[in-house]
Amino acid sequence: SELTEEPAGNSQKYVVKHLNPKLAFNPKKLVVGAKDLVMEAHFLSALDHENIIRLRGWAAAGIGGFAQTGRADGFFLILDRLNMTLAKKISFWREEAK
């Protein structure tokens, strides 16, 4: 899957996560990727914790978006934008502790 977002420095609050359109050329990988993205949506929709990224929405067509559009990116998730990855945050803490 891919995250679509604006360049760094933007104050954007959300990102759109979707499957890579190139997966349409590999049906087996498309099916696996679609299942993974749908499972991610189910898990995130059930969780509510300050340290877990929040799912804000998904394609109106739901998982049927894959079939309706015939495109790998026919289903997508809208997630909170991370300001910093965990790896970068750990590096930041290490530098701060010096």
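## Chatting through a predicted fold

Modeller: The secondary structure of this chain comes to 3 helices and 4 strands. Keep in mind that this is a predicted model.

Colleague: Thanks! What pattern does the chain follow, read along the sequence?

Modeller: Along the sequence, the pattern is β-β-α-β-α-β-α.

Colleague: And what share of the 98 residues is buried?

Modeller: Buried residues make up 26% of the chain's 98 residues. As for the accessible surface, the chain has about 7,400 Å² of it, and 57% of that belongs to carbon and sulfur atoms.

Colleague: Let's go inside. How many residues does the largest nonpolar core have?

Modeller: The largest nonpolar core has 15 residues. Leu19, Leu55, Phe75, Leu77 and Leu79 are the ones with the most contacts inside it.

Colleague: Which elements give two or more residues to this core?

Modeller: Those are α1 and β4. Helix α1 gives the most, with 5 residues.

Colleague: Nice. Switching to the surface: which residues make the nonpolar patch?

Modeller: Met84, Leu86, Ile90, Phe92 and Trp93 make a nonpolar surface patch of about 480 Å².

Colleague: Where does Met84 lie?

Modeller: Met84 is in the loop between β4 (76-80) and α3 (86-97). Its relative accessibility is 37%, so Met84 counts as partly exposed.

Colleague: On to charges. How many salt bridges does the count come to?

Modeller: The count comes to 3 salt bridges. As background, side chains of opposite charge can pair when their charged atoms come close.

Colleague: Let's take Glu40. Which side chain does it meet in a salt bridge?

Modeller: The side chain of Glu40 meets that of Lys17, at 2.9 Å from N to O. This pair links distant parts of the chain, since Glu40 sits in helix α1 (residues 27-46) and Lys17 in strand β2 (residues 14-18), 23 residues apart.

Colleague: Are those two buried or exposed?

Modeller: Lys17 is buried, with a relative accessible area of 14%. Glu40 is partly exposed, with 22%.

Colleague: And which residue pairs with Asp80?

Modeller: Asp80 and Arg56 meet through their side chains in a salt bridge, 2.7 Å from N to O. Asp80 lies in strand β4 and Arg56 in strand β3 (residues 55-58), so this pair ties together parts that are 24 residues apart in sequence.

Colleague: Why does Asp80 count as buried?

Modeller: Because the relative accessibility of Asp80 is 19%, and buried means under 20%.

Colleague: Now for pairs of residues in space. How far apart are Val15 and Leu82?

Modeller: From C-alpha to C-alpha, Val15 and Leu82 are 8.7 Å apart, while 67 residues separate them in sequence. Val15 has its place in strand β2 and is buried, with a relative accessible area of 4%.

Colleague: How about Lys22 and Arg71, how many residues apart are they in sequence?

Modeller: Lys22 and Arg71 are 49 residues apart in sequence, and their C-alpha atoms are 9.5 Å apart in space. Lys22 is found in the loop between β2 and α1 and is exposed, with a relative accessible area of 64%.

Colleague: One more pair: what separates the C-alpha atoms of Ala61 and Phe76?

Modeller: Their C-alpha atoms are separated by 9.8 Å, and the two residues are 15 apart along the chain. You can find Ala61 in the loop between β3 and α2 (64-69). Ala61 is partly exposed, with a relative accessible area of 35%.

Colleague: Last one! Among contacts between residues at least 6 apart in sequence, what share joins residues at least 24 apart?

Modeller: For this chain, that share is 50%.

How values were computed:
Residues numbered from 1 in each chain as written. Predicted model: local features only at pLDDT ≥ 70, side-chain atom pairs only at ≥ 80, totals over all residues. Heavy atoms only, no water. Patch = residues over 30% accessible without salt bridge, like charges linked within 9 Å, V, L, I, M, F, W, Y side chains within 5 Å. Areas by Shrake-Rupley, 256 points an atom, 1.4 Å probe, with all protein chains shown as cover. Salt bridge = Lys/Arg side-chain N within 4 Å of Asp/Glu carboxyl O. Buried < 20%, exposed > 50% of the residue type's maximum accessible area, 1.4 Å probe, protein only. Contact = heavy atoms within 4.5 Å. Core = buried A, V, L, I, M, F, W, Y, C linked by side-chain atoms within 4.5 Å.
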